[in-house]
Amino acid sequence: EKLKSATEDKASHLADRLVPYSLGGTILTYLFTRNVTKALSILMVDFSCALKLSMPLAVLSAMRESSTHHITVKGGKFLEAVAAADTIVFDKTGTLTKGSFAVTGVTPEGMSENELLGICAAAETYSTHPIAQSIIAEAKKRELTTTASDAEEIAGYGVKAVVDGRTAIVGNHRLMQRENIAAPSVDTPGTVVHCAVDGKYAGCIVISDEIKPGAPKALAALKELCGAKTVMLTGDRKAAADAIAKTAGIDEYHAELLPDGKVSKVEELYKAKPENSSLVFVGDGMNDAPALARADVGIAMGAMGSDAAIEAADIVLMNDNIESLPTAVRISKKTHAIVMQNIVFAIGVKVLIMLLTAVGIGNMWIAVFGDVGVAVLAILNATRAMRIK
């Protein structure tokens with residue numbers, strides 16, 4: 001019941017409220033005309049069947065159609081909310097970008113490239129973050145074998161570990177500032193991972209990620225479909241975020257955010273959105289789970305996304321294809337249109353038949369059509385939600 005769409009719920013309540021009017025009309029018709037057939041004809045034209053049968057069917061048909069496009073929807077209310085999207089917020093890594101990082105630069109200070117890379121790879125051994133995995137992969141490619149102990153992950157900053165008896169700190173520029181280590185500013189596009197050994201700056205590694213080929217096309221389609229404002233949130237540096245935002249066609253972005261900063265920014269955007277509109281958040285990582293839960297509609301990447309993100313999401317793109325997002329919006333809008341058509345058609349025809357019967361023009365056969373016929377037509381219209389391109 002909680003997963004019903006707002007329109008579906010209102011239509012069901014409307015049908016319940018109109019039943020007493022149908023009964024009242026039957027009684028009044030009999031009292032004024034003393035014609036049992038005419039009174040029963042009005043009673044036959046009940047409001048509930050067409051609405052209560054066609055509404056859930058339209059939603060279920062849309063959910064079935066979504067599944068054929070590798071989109072899992074956890075309830076009708078979320079499908080409808082997507083159609084009312086005013087702001088769509090994206091995480092960057094793994095959502096707009098491939099999430100397949102590669103080391104594109106190693107700049108050591110006071111040691112060799114391989115030594116710096118080996119220390120960073122050892123410290124990152126216990127991390128599952130894509131950036132950490134790219135450093136480890138590069139170290140393996142160079143056949144570097146350094147081990148670490150006492151590894152500690154510092155959420156939103158990086159990691160700290162003991163590597164060959166030395167304390168290594170590996171992470172972003174904020175981590176260096178937090179540890180009072182002077183680190184140079186790097187303007188190279190990409191994600192910069194700084195390293196310090198025993199409190200002394202040891203160099204940095206530049207890691208690059210590619211934007212998903214379909215992201216610009218998907219965002220352009222979203223703007224055409226619903227005119228929603230697109231926002232990107234990321235923990236990366238401003239330079240890297242700016243490059244991705246420009247390529248993808250993002251309206252607004254916020255960089256260098258900690259995990260809790262994403263939730264705070266989503267909260268700000270939520271309060272700023274117009275009334276009766278929705279805020280949609282699209283993400284894939286464990287850190288995205290709180291933001292996914294806070295948005296009106298949380299959409300997660302299903303193939304590469306974390307279990308926490310998938311659990312918190314309301315809609316899951318099972319193939320991780322960002323181009324499936326406009327398809328979900330298209331299905332949502334079409335389903336909403338079908339639902340509204342059924343409401344207007346069912347109530348309009350039934351009221352007309354009741355009036356015609358009350359003045360003596362209608363008969364029992366027209367009343368039967370008003371009940372059964374309208375219900376069948378509404379159901380057939382609802383099944384069109386299974387054929388949305």
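1. **Ground rules.** This is a predicted model, in which local features need pLDDT of at least 70 and side-chain atom pairs count only at pLDDT 80 or more, while totals for chains, interfaces and linings use all residues. Residues are numbered from 1 along each chain as its sequence is written, and side-chain values use heavy atoms, with hydrogens and water left out. Helices (H or I, at least four residues) and strands (E, at least two) are DSSP runs, numbered from the N terminus.

2. An open sheet with mixed pairing takes its seven strands in the order 1-13-12-11-2-9-10; two strands pair if DSSP finds at least two bridges between them. Strand 1 (71-73) and strand 10 (252-254) are the edges, and each has a single partner strand, so one side of each has no neighbour in the sheet. Direction ignored, neighbouring strands here are turned by 20° against each other on average; axes are lines fitted to C-alpha atoms, for helices over the stretch in contact, and angles run from 0 to 180 degrees between N-to-C directions.

3. Strand 1 runs antiparallel to strand 13 (residues 315-317), and three bridges join them.

4. **Around strand 9.** Strand 2 and strand 9 run parallel and are joined by five bridges, with Ile88 opposite Thr230 in strand 9. On to strand 10, strand 9 again pairs in the parallel sense, over three bridges, and Met232 has Tyr253 in strand 10 as its bridge partner. Four of the five residues of strand 9 are buried, so the rest of the structure largely encloses this strand. Buried means under 20% relative accessible area, exposed over 50%, and partly exposed in between (1.4 Å probe, protein chains only).

5. **Helices on this sheet.** Helix 9 (residues 215-226) lies across strand 2 (85-91) and strand 9 (229-233), at about 165° to strand 2. Helix 10 (residues 238-248) lies across strand 9 and strand 10, and runs at about 155° to strand 10. Contact here means heavy atoms within 4.5 Å.

6. **Helix 4 and Ser332.** Helix 4 (residues 76-83) has seven of its eight residues buried, so it is largely enclosed by the rest of the structure. The buried residues include Phe78, Leu79 and Val82. Ser332 sits in helix 14 (residues 324-358) and is buried, with a relative accessible area of 1%. Not counting residues up to four places away in sequence, Ser332 touches Leu79, Glu80, Val82 and Ala83.

7. A second open sheet has six strands in the order 3-8-7-6-5-4, with antiparallel pairing. Strand 3 (102-108) and strand 4 (148-154) form its edges with a single partner strand each, so one side of each lacks a neighbour in the sheet. Six bridges pair strand 3 with strand 8 in the antiparallel sense, and Val106 stands opposite Ile205 in strand 8.

8. Strand 8 is mostly covered, with seven of its nine residues buried. Seven bridges join strand 8 to strand 7, and the two run antiparallel; His194 stands opposite Cys204 in strand 8. These strands form a hairpin with two residues between them, and Asp198 in the turn has a positive phi of about 50°.

9. **Helix 6 and the pocket.** Helix 6 (113-123) and helix 7 (130-141) each supply at least two residues to the lining of the second largest pocket. That lining divides into seven nonpolar residues, four polar and one charged; Lys140 is among the lining residues.

10. **Glu210.** What does Glu210 contact, leaving aside its neighbours within four places in sequence? Thr97 and Lys98 are in contact with Glu210. Glu210 lies in the loop between strand 8 (200-208) and helix 9. Glu210 and Lys98 are 112 residues apart in sequence, with 5.8 Å between them in space, C-alpha to C-alpha.

Conventions
On a 1 Å grid over the protein atoms alone, a cavity is a set of points where a 1.4 Å probe fits but cannot get out, and a pocket is an open set with protein on both sides within 12 Å along at least five of seven lines; lining residues have an atom within 4 Å of a point. Ala, Val, Leu, Ile, Met, Phe, Trp, Tyr, Cys and Pro count as nonpolar, Asp, Glu, Lys and Arg as charged, and the others, Gly among them, as polar.
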